[in-house]
Amino acid sequence: MGLAWLALAPLGAAIARYSAKAVGGSGGGGGKQPVVWFHLHRGLMAGAVLLTVAGATVSYSMVEEHHSYTHSVLGTAMLAGCVLQGAGGAIRPAKESPYRRAWRRAHRAGGHVVWAVGLATATTGAFLYDDLLAEREQAGGGVAKALALVMVGVWAAVWAVLEVRAWWRHESSSDGAAKVETRAHGSAGVRARRAEPESSHDC
């Protein structure tokens, strides 16, 4: 679970959101074949879903009392959400479909929710694991908790930097487009004035 939602899922989401143009083409795929970023995104998210299903199966087979902890409730919600999210990604409409925009928005929003629940599930699981080690007086207590918190902090910082970078690029491209449009209008005005015939004045 920790590997799925503290490593694979955030990396796959970051690739889809920020690297669509930098890794293998523009977002959505410019040609008939999916571009590189899409393959990376799909592979990482599929790995996260498979690890989640495997982890949930092991958990349900080993733990007798389910839904008695916040972690188990979050885990059940995350399991349902990631399966639905994966199924939604598999049946995405074609690019020409009128439902493609609505699907993209729903898929993106659902991904944000599932990832947030996944982070909470992995973090609470790390806390429970450390508490279990402490009860059994075994070594290694506090390691899982610290690692989970560090990973959450790292991803929060990475996403913050990427958001600022994406905003800066958008603003820069908007300013550049506005300047080009202004120059184009200015050039068109000059050409129009040059093309106007000179008015004749009778003496």
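Here are legends for a set of close-up views of this predicted model.

In this predicted model, local features need pLDDT of at least 70 and side-chain atom pairs count only at pLDDT 80 or more, while totals for chains, interfaces and linings use all residues. Residues are numbered from 1 along each chain as its sequence is written, and side-chain values use heavy atoms, with hydrogens and water left out.

View 1. Reading along the sequence gives the pattern α-α-α-α-α. Helices (H or I, at least four residues) and strands (E, at least two) are DSSP runs, numbered from the N terminus. Of the 203 residues, 23% count as buried; buried means under 20% relative accessible area, exposed means over 50%, and partly exposed lies in between (1.4 Å probe, protein chains only). The accessible surface comes to about 13700 Å², and 64% of it belongs to carbon and sulfur atoms. Such areas come from the Shrake-Rupley method with a 1.4 Å probe; for residues, only the protein chains shown count as cover.

**View 2. Helix α4 carries Thr123.** This helix covers residues 100-135. How far apart are the end C-alpha atoms of α4? They are 51 Å apart, which agrees with the 52 Å that its 36 residues should span at 1.5 Å a residue. The expected span is 1.5 Å times one less than the number of residues. Thr123 counts as buried because its relative accessibility is 15%. Leaving aside neighbours within four places in sequence, Thr123 is in contact (heavy atoms within 4.5 Å) with Ala148, Leu149 and Val152. After α4 comes Glu137, with a positive phi near 55°.

**View 3. The largest nonpolar core has 18 residues.** A nonpolar core is a set of buried Ala, Val, Leu, Ile, Met, Phe, Trp, Tyr and Cys residues joined through side-chain atoms within 4.5 Å. Trp5, Leu6, Ala9, Tyr18, Trp115 and Trp159 touch the most other members. Two or more residues each come from α1 (2-18), α3 (70-90), α4 and α5 (143-195), and α1 gives the most, with six residues. Setting aside neighbours within four places in sequence, Tyr18 is in contact with Trp159, Leu162, Glu163 and Ala166. A second, separate core of five residues includes Val35, Trp37, Phe38 and Leu44.

**View 4. Ala7 sits in helix α1.** Is Ala7 buried or partly exposed? Ala7 is partly exposed, because its relative accessible area is 24%. Apart from neighbours within four places in sequence, Ala7 is in contact with Gly2 and Trp155. The C-alpha atoms of Ala7 and Met151 are separated by 8.1 Å, although these residues are 144 residues apart along the chain.

**View 5. Helix α2 has seven named residues to look for: Trp37, Phe38, His41, Leu44, Ala48, Thr52 and Ala56.** These are the buried residues of α2, and they pack against α1, α3 and α4.
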